[in-house]
Structures are given as structure tokens and as C-alpha cells.
Amino acid sequence: EAFGDDAGQDSVFDVAATTGSFVGVGDGVTITLQALVDITVSNNFNLATATGNTNVSLLLQAGDDIHVNAIVTASGTGALTLSADDNGPDGTGDINIGAAGGLTTAGQAINLTGKTLSIAAGGTINSGSGAITISPSQASTVGLGAGAGTLNITDAEFDAITTSGLLTIGGSNATSFTVDTLSVPASVSGTVALTATGAGGSIIFSGGASSTPGALTLTAKDGVTLNQSLTTGGTTSINSDSNADASGDFTVGNTRTLNTSGNSLSITADDVVLTGTGALNSGVGSVTLIPSTSQAVGIGTANAATFVVLDAELDNITTSGTLTIGSSNASSVVVDNVTSPTGITGTFAIISAGAISFLNNASAFTAGLSLTAGNTISQTFGISGTTLTAKTKKDGGAAITLDSADNNFTTISLSSRNAAD
């Protein structure tokens, strides 16, 4: 049934076995139903029962709303895709899951697009191990938990979702996220991915603290800000400058903490800002801080760098894993006045595509120090820690000059090697 079929009329389909409208639809086929206005599912629609075949998918496309007032079930490799506000879009099409409604697959994808998503108490979305994607149909804000947004998913609505696969919310139409007092339930045990890659895309955590039981991925074009604490239960990956235009900082507000419950944390940003006592805590997990564009990196003191992790900010990082600052995007790194950050008890690793320099003031590290440079490694003031590993990677090699009488390490390993090594 296409948008142009039976214009101005209502179409009713029988989903019964043997005698229904879909008997004989082949294995692996996608049933596509389109309506200029609304689509309503009033009776349980089991695709395998209605067609006599497994692995059948369903695509519903409505110019306005889609109302799911009964259970829609896909078996085998069958996926479910619902697209409201599809004929335009003009901002008038919602997906509504009623109290007796539900969407279920056998570990396959469920894709939902509309102005907003509403799940009544008793309604369910269950993809098993399959991915679930929820996207706004046009440029709009997204609110999660108590957060306000045109596309809004409340804490209670999250409780209606079950997946051990990837749950993605947002996309290229999401202009901003506001997350407030969101507690993602244990039924969502896979990675939660929030994506704000629309115009001016940003992600802000505010109001009450939020948490997720598994991994979390945050992607925004123009900044990720934690004005409230966030706890995750798995690998946490954040890119606050996804279009690499040097406009997306990652910021943790004063007294707030990002805690990954002992899992690894990776942050890519134009700059990392830990305001006041704003903190990162990965426990035994590693922490990696990466500049989003090619730029100078300052550690300890700014020294005219644009990606800066100040000494006071280092004091707000807790990890017994490896802390890595820099990457191939670090055009150079200057280290100045690092004063033994006690929360960093694992290796402190610095990576630069260019030179690494220790300038102006001595620097002290609580544990081991690992240096990897694309050019020279040098110092004008002393450095100390437990172990030192330094290597340069440049065609023909590059000099390592660490000759201060104030250096203090128990073990030192130095190497200068070719780029191909």
C-alpha cells in the first residue's frame, strides 16, 4: 500500500493466518504500508503468522502519526521500521505505543523516526540483542529523563525498552540534547549512543544526576557539558567536536563527576575543561584525552596551547589505568609544572606528532611516564617519576635530550627509531 493508493480512503488489512491480507508474502520480504495521514495497528500483528513465513520485515510510513495499540512481532531476521511525519516532514507525525501496544523482534533491528515518541504505561519495545534507533524526523531538540525536548523520552519510557544491542538516539536532525535525572534501566544493557550531529549539536547533562548500566557513547558537533554528575557501567567514549571545527569542548561543571565504574574513558574534544572540582574517575580503567584537530597541547600550564589540561585539572582525575594525553593530532606538547597528581597512579602517557618539551618549571609524576614523539624530546627543567620510557618516531630518528641533573627515575628506557618501525 503506497502513499498514492486509495487516496482519501481508509485501508483496513486483515492480519489473520490463512485468510488474511498478507498470506503468501515470501520469506525475507519487507511489507511496506504507507498512509498520507495516520497508521493504526489495532490487532496483534505477528508477521510469521500473517504471512506463513519467517524472516519477514515490516515498514510503516505515515504522513502523520503511527499508533501501535497492539503487539507487532517479527521473527527470524525480520526487522521493524516505523517512520511517522514521513510525508514532508512537517512536524506533525508522532509514534505512539499504546498501553497494550508493543514492538518485538527476535534480535533484529527496530528503527523509529518521528517528531516524538510516546510509550504509554504497559507499552513495550523489545529487540532482544538487536539494535534500536530512535531519530527525530526533522531538526529538533531531544530531551531525556526530565529533560525538555521536542523529541522526549522520559525515564518511565526508558523502562519500557529492552535491548542488549546498541540503542542509538538522535542523529543528524538532533540539534541538542538535554539529559536530566535519567536512570537507564538494566533492561537496556548494551551501549547507549546519544548523537547530536544536527546544526549546533550539543549534549548537556543538567538537573539531577544520570546513569546508565552499560557502555555510553556521546557524539556532538558543538560541545558536551556535564552540569550534573554522570555514572556509566561500561566503556565510555565521548566526541564533543565530531565535525572537527574546533568549536566543541568537553566540560565538567564544578563539584560534578563523570564516573565510569572502572571502565575505560576516551574523550575527543577541542579542549577538556574540568571546572573547579569537576572530576573524571575511571577507577582501574584507562583515560584517554585527544585533541579533535591538529593543535598544540599544554599539560600543567597552558603555554599558549589550545588543548590544555592544567595541573589543577590533573588533580581531579582518578585512574590506576593509563592516562594518555595527546595523539597524532597533537602538533606539539609542552609540559610545565605538573605536581604529582595523586589520583593518577598508573602510567602517564604523552603522545605528540611533533616535539615534546618540558619547560619553565620542574614536573613530577606519581608513577611511570611514557613519551612518544614524532620529533624531538627535550627539557629545560627536571622531571621525576618511577619509570621513564621515551621514544621518537621520525624518518632518520630524532634527538632525545633529557639531561637535567634534577631528573629522578628508577628505570629509564630511551629509543629513537624510524617512522616505519
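This is a predicted model: local features need pLDDT of at least 70, side-chain atom pairs count only at pLDDT 80 or more; totals for chains, interfaces and linings use all residues.
Author: Ser176 stands opposite Ser202 in β20. Strand β18 (residues 174-180) runs parallel to β20, with five bridges between them.

Reader: What makes β18 and β20 a pair of strands?

Author: The bridge count does. Two strands pair if there are at least two bridges between them, and β18 and β20 have five, in the parallel sense. Strand β23 (residues 224-226) also pairs with β20 in the parallel sense, over three bridges. There, the bridge partner of Phe205 is Leu226 in β23.

Reader: Why is strand β20 called largely enclosed?

Author: Strand β20 covers residues 202-206, and four of these five residues are buried, so the rest of the structure largely encloses the strand. 

Reader: Why does β22 get that description too?

Author: For strand β22 (residues 216-220), four of the five residues are buried, so this strand is also largely enclosed by the rest of the structure. Strand β19 (residues 192-196) runs parallel to β22 and is joined to it by five bridges. Ala196 has Ala220 in β22 as its bridge partner. β22 also pairs with β25 in the parallel sense, over four bridges, and Thr217 finds its bridge partner in Ser237 of β25.

Reader: Let's turn to the rings. How many aromatic pairs does the structure hold?

Author: There are three aromatic pairs.

Reader: Why is the pair of Phe22 and Phe45 called stacked?

Author: Two values settle that. The ring centres of Phe22 and Phe45 are 5.2 Å apart and the planes meet at 25°. Rings pair if their centres lie within 6.5 Å, and planes under 30 degrees apart count as stacked. Both conditions hold, so the pair is stacked. This pair also links distant parts of the chain, 23 residues apart: Phe22 lies in the segment before β1 (30-35), and Phe45 in strand β3 (residues 45-46).

Reader: What makes Phe22 count as buried?

Author: Buried means under 20% relative accessible area. Phe22 has 6% relative accessibility, so it counts as buried. With a relative accessible area of 5%, Phe45 is buried as well. Ring pairs also bring in Phe13, linking Phe13, Phe22 and Phe45 into a cluster.

Reader: What is the phi of Thr255?

Author: Thr255 also has a positive phi, about 75°, although it is not a glycine. It lies in the loop between β26 and β27 (257-259). At 48% relative accessible area, Thr255 is partly exposed, as the exposed class begins over 50%.

Reader: Where does the cis peptide bond lie?

Author: It joins Gly88 and Pro89, with omega about -10°. Pro89 is in the loop between β7 (80-83) and β8 (95-97).

Reader: How many helices and strands does the whole chain have?

Author: The protein chain has three helices and 45 strands. Its C-alpha trace spans about 90 × 45 × 35 Å along the principal axes. Of its 421 residues, 50% are buried.

Reader: How many charged side chains are there?

Author: There are 7 positive and 31 negative side chains, and the centres of the two sets lie 18 Å apart.

Notes
Residues are numbered from 1 along each chain as its sequence is written. Side-chain values use heavy atoms; hydrogens and water are left out. Rings of Phe, Tyr and Trp (its six-membered ring) pair if their centres lie within 6.5 Å; planes under 30 degrees apart count as stacked, over 60 as edge-to-face and the rest as tilted. Helices (H or I, at least four residues) and strands (E, at least two) are DSSP runs, numbered from the N terminus. Buried means under 20% relative accessible area, exposed over 50%, partly exposed in between (1.4 Å probe, protein chains only). Lys and Arg count as positive and Asp and Glu as negative; His and the chain ends are not counted. The place of a charge is taken as NZ of Lys, CZ of Arg, CG of Asp or CD of Glu.
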